[in-house]
Amino acid sequence: MLRKSVSPLLSQGIRQAIPFLSSRAGVSLSFSSSSHILNPSAPPAGQTNEHNPDSPPTATISIDRSGLYNPSDHFHKPSADSELVKHLKSIIKFRGGPISIAEYMEEVLTNPNCGFYINKDVFGAGGDFVTSPEVSQMFGEMVGVWTVCLWEQLGRPAKVNLVELGPGRGTLMADLLRGSSKFVDFSKSLDIHLVECSPTLQKLQYNTLKCIDEAISGDNTAKRITTTLTGAPILWHADLEEVPSGLPTIIIAHEFYDALPIHQFQRTSSGWTEKVVDLSDDSCSFRFVLSPQPTPASLLFLRKRCQWADKEEIAKLEQIEVCPKAIEVTQQIAKRISADGGGALIIDYGKNEIISDSLQAIRKHKFVNILDDPGSADLSAYVDFTAIRRSAEEASAEIISVYGPITQSQLLGSLGINFRVEALLQNCTEEQAEPLRAGYWRLVGDGEAPFWEGTEEQKPIGVGLRYLAMAIVNKNQGIPVPFE
Ligand code: SAH
């Protein structure tokens with residue numbers, strides 16, 4: 001492992017960027033602050049920004065994660081078992097045998113009492129990792145441009161559902177709403193639905209979106225929540241199925257799919273077996289073992305995924321990951337869009353092919369062992385965009401079309417991020433310009449920023465080619481920008 005730097009200088013309350021993932025062979029992680037740089041004189045059509053006088057300091061962490069992949073089986077166990085560790089051990093003991101990695105991942109991330117996402121803000125410098133909306137306001141603004149364009153293609157409906165899956169801190173939605181607020185008819189049309197499993201993050205989203213509880217006129221007891229950013233009503237849901245149907249629907253999913261639980265399968269001399277999580281002999285820690293016989297998941301999900309792949313593609317692989325939850329969510333999206341019209345934009349790190357072995361754990365911006373102190377680190381896996389395409393088509397090929405994936409760089413470039421950054425640069429101080437340029441590079445660049453004159457540790461790492469974007473759209477809406 002080659003760790004370049006870890007800066008303790010990151011301050012709270014500003015946008016921090018970002019752990020991004022690269023190829024399996026080596027992964028890079030970097031983050032730094034970037035501000036809302038604001039009040040451009042020439043914003044792109046319809047884009048507005050709120051003035052933020054604060055000019056945050058710049059700080060960057062860059063970590064070359066080469067060699068972090070597939071950490072060794074050795075890890076030290078925590079001194080006392082956490083509530084989640086006790087829970088996982090009791091499941092394994094009660095079952096009398098190991099659990100799938102998918103079940104382990106689901107418990108670790110979203111157990112309603114003690115899952116990783118449930119009780120704390122995991123984002124930013126004080127948290128465990130950072131995402132694109134936290135790097136720069138431009139990310140949410142560009143997703144806003146995409147959303148407004150689709151709304152236009154829908155025929156400017158008076159009412160639409162705008163759904164975000166896994167909104168994190170609510171930053172993407174806030175920037176989308178601010179950036180598109182000049183499109184008054186669009187803003188007025190929105191019923192916002194946030195699909196979020198974490199009560200803590202729901203509260204953060206409420207605050208980020210500057211929500212208020214409003215009395216409903218004519219009813220003294222009933223209340224609704226609206227965002228004061230635009231006046232749009234907001235509802236929270238545990239899953240997409242809870243979002244009311246009947247309105248055209250636009251769905252955004254950024255870094256949602258990579259948190260969905262995956263199964264891992266391994267090739268052995270006796271065929272494909274499932275890698276599962278068991279207790280060590282002394283029951284003190286967890287370990288991976290191979291299932292001795294086919295599991296329901298291998299019979300169902302591995303078989304299904306292999307049907308979507310070439311024999312040659314499979315032949316090259318020693319390990320395969322399959323995410324049944326991604327298939328299920330995609331089919332729900334496709335069915336909703338088929339029935340109600342609209343489209344979905346999915347942005348995540350991943351590949352347009354079968355994923356072999358990508359599961360990883362990040363705690364406090366560093367890679368850690370997947371089985372070490374579960375619940376204290378994020379778990380995520382590469383998104384299999386081929387499986388998303390095939391799932392959507394399987395659910396509703398006649399009525400929906402799937403576009404992409406294209407790179408994040410192509411997506412944001414076509415949506416106008418270059419014009420936006422120039423407009424912002426013309427209207428900011430020199431102090432604000434540096435984090436703005438750095439944030440821009442992180443979103444659309446590829447690798448280390450060539451223009452960087454600051455310290456090596458703070459050098460922005462672009463992930464524009466590592467993140468991919470895919471759209472699923474009702475055929476009635478035509479081809480979405482910029483997938484033409
Ligand atoms: N989109 C945000 C956050 C990404 S992290 C961003 O880019 O900053 C993943 C988000 O999905 C978190 O908000 C997490 O709580 C939520 N999440 C993860 N699994 C979920 C599930 N099964 N159901 C609902 N929300 C989930």
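Glutamate 164, leaving aside neighbours within four places in sequence, is in contact (heavy atoms within 4.5 Å) with Leu172, Met173, His193, Leu194, Val195 and Ile252. Glutamate 164 belongs to strand β5, residues 160-165, and is buried at a relative accessible area of 2%. Here buried means under 20% relative accessible area, exposed over 50%, and partly exposed in between, with a 1.4 Å probe and protein chains only. The model is predicted: local features need pLDDT of at least 70, side-chain atom pairs count only at pLDDT 80 or more, and totals for chains, interfaces and linings use all residues. Residues are numbered from 1 along each chain as its sequence is written, and side-chain values use heavy atoms, with hydrogens and water left out.

**Leucine 172**

- Helix α5, spanning residues 171-179, contains leucine 172; helices (H or I, at least four residues) and strands (E, at least two) are DSSP runs numbered from the N terminus.
- Leucine 172 is buried, its relative accessible area being 2%.
- Not counting residues up to four places away in sequence, leucine 172 touches Pro133, Phe139, Gly140, Val143, Glu164, Ile252 and His254.
- The C-alpha atoms of leucine 172 and proline 133 are 5.2 Å apart in space, although 39 residues separate the two in sequence.

**Strands β11 and β14**

- Strand β11 (residues 263-268) runs antiparallel to β14, and four bridges join them; two strands pair if DSSP finds at least two bridges between them.
- Glutamine 266 has glutamine 319, in β14, as its bridge partner.
- From strand β14 (residues 319-322), Gln319 and Glu321 point one way, whereas Ile320 and Val322 point the other way.
- All four of these β14 residues are buried.

**Serine 391**

- Serine 391 is located in helix α11, which covers residues 385-396.
- The relative accessible area of serine 391 is 0%, so this residue is buried.
- Its contacts, not counting residues up to four places away in sequence, are Trp308, Ile327, Thr330 and Gln331.

**Whole chain**

- The chain comprises 14 helices and 23 strands.
- Of its 484 residues, 59% count as buried.
- Among contacts between residues at least 6 apart in sequence, 73% join residues at least 24 apart.
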